[in-house]
Amino acid sequence: MRNPLTGEDDRPLAPVPPDRLAAIAADLRKRASGRPAGEALSRFGAALADDDDLLAALVADTGRVGESVLERQIVAGLIDRWVRQAPALLEPPTEIPASLPGVFVGGDAVPYELVGVISPWNFPLLLGLIDAVPALAAGCAVLVKPSEVTPRFIEPLMRLVPDELPLEVVEGDGETGAALVDLVDAVVFTGSVETGRLVARSAARAFVPAFLELGGKDPAIVLAGADLERAASAILWGGTANAGQSCQSIERVYVAREVHDEFLALLVAKAARVGLTCEGGPIGPIIGPGQEDVIAAHLAEAVAKGATVHTGGEIERHGGGHWCRPTVLSGVDHGMLVMTEETFGPVLPVMAVDGADEAVALANDSVYGLSAAVFAATEEQAMAVATRLRAGAVSVNDASLTALVHEGEKHSFRLSGLGGSRMGTASIRRFLRRRAFLVNRSDAADPWWHTTKE
């Protein structure tokens, strides 16, 4: 496996053999209690919150430090939140009278016995557990297969899992992930559209539900009258955090023409001051093998078609790893890949628009619909635009809040995903099958029964 800091293949991948994977799945089924794993989850979260070995492994996997610290912090908070919220959310519904006289409706919920999670490389810990934790809180057993690009964190993580918590995290590649789908009762996948389609097909053949969180090409809209200083700072962070390697990264910016030049100047000045982690700055290396080629191709095509590079714009080599500085482009349009395809790098193309209507039309001109951002003079003006965007979550006068705010229930639009919300209280309900109890307390015969005579 490639070390993102050195560029060297310094660790062999050790996929779990198929027979061993099947044995792990069978054992998890035996350990599945069907009851919320609150107490064991609490101990897991407390152990995870300050484990230095886990943090060091995350840094080795990804080459970035600040985001790894934040990632561990977010996961610890995620676990604490679900432990606190799950009991009330799992209470059975109150019995109600039915429309038929004498009949009453009650119910309960049955967790899926075994949930499979296939997670990506950009946030190994967070995206490995963001679905696993509510599933465990619901009473499921969970089998996680993280990306083969970032498996170093698995061993220290598993040392922290209490014996009674039915959670296993295994090392493996694409074949391991494919085999996992046939062993579980529901599968959650986070990653590319291409692989998501494969997971969906496999899940359909296995007749199990699939919850898919896929790619994004998130737009930000800056209207006249917006606080440009605020917008530039928020968009810069939203587009370059984790070196832009996040599905909810801002990847295209539409700015009202009358404030375009001022906004662009602010963004360029701010971006120029943000350095690489190898220089003491916050921007880490490119993690995924080959992702540097995608970024370079998008930039080269944009420049060839007339775009202007104001900052960054090149793939750099430092210590053997690949890096890209925050890159701001202008003179872009939808004839360029950098405006239409997922770049997954710290690249912010800025396009002038003639008002909100054009901004909305361009923002919606995409096969994706994960999230978006709107900046305006007032919340009312921003909301008037936000409600017209075909995206699952819209940050208003901020950017990429879905990275930090998990309370808002949302669905992905278009090719950005399929299935129930992984955010909000709905997240835990994805892993429960509702059961209804229809109780007839009347002594009278139902009028539709067959009548027979002695």
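R43 and E39 sit 4 residues apart in helix α2 (residues 38-49), so about one helical turn separates them. Their side chains meet in a salt bridge, with N and O 2.9 Å apart. The model is predicted, and the count of salt bridges in it comes to 26.

**Salt bridges**

- D10 forms a salt bridge with R152, and their closest N and O atoms are 2.9 Å apart.
- D10 belongs to the segment before α1 (18-31) and R152 to the loop between β4 (141-145) and α7 (154-158), so this pair ties together parts that are 142 residues apart in sequence.
- D10 is partly exposed, with a relative accessible area of 42%, while R152 is buried, with 13%.
- A further salt bridge links R325 to E316, where the closest N and O atoms are 2.8 Å apart.
- R325 counts as partly exposed at 23% relative accessible area, and E316 counts as buried at 18%.
- Through shared partners, salt bridges join D10, D61 and R152 into one network.

**Nonpolar cores**

- In soluble globular proteins, nonpolar side chains tend to be buried together.
- The largest nonpolar core here has 49 residues, and F44, L48, L129 and L167 have the most contacts inside it.
- Helix α4 (residues 66-89) supplies the largest share of this core, 8 residues.
- Beyond its neighbours within four places in sequence, L48 is in contact with several residues, among them L54, V75, I79, L125 and L129.
- A second, separate core has 30 residues, including V255, V259, L276 and V328.

**The sheet**

- Strands β16 (residues 371-375) and β17 run parallel and are joined by 4 bridges.
- A373 stands opposite S395 in β17.

Technical notes
Residues are numbered from 1 along each chain as its sequence is written. This is a predicted model: local features need pLDDT of at least 70, side-chain atom pairs count only at pLDDT 80 or more; totals for chains, interfaces and linings use all residues. Side-chain values use heavy atoms; hydrogens and water are left out. A nonpolar core is a set of buried Ala, Val, Leu, Ile, Met, Phe, Trp, Tyr and Cys residues joined through side-chain atoms within 4.5 Å. Buried means under 20% relative accessible area, exposed over 50%, partly exposed in between (1.4 Å probe, protein chains only). Helices (H or I, at least four residues) and strands (E, at least two) are DSSP runs, numbered from the N terminus. Contact means heavy atoms within 4.5 Å. Two strands pair if DSSP finds at least two bridges between them. A salt bridge is a side-chain nitrogen of Lys or Arg within 4 Å of a carboxyl oxygen of Asp or Glu.
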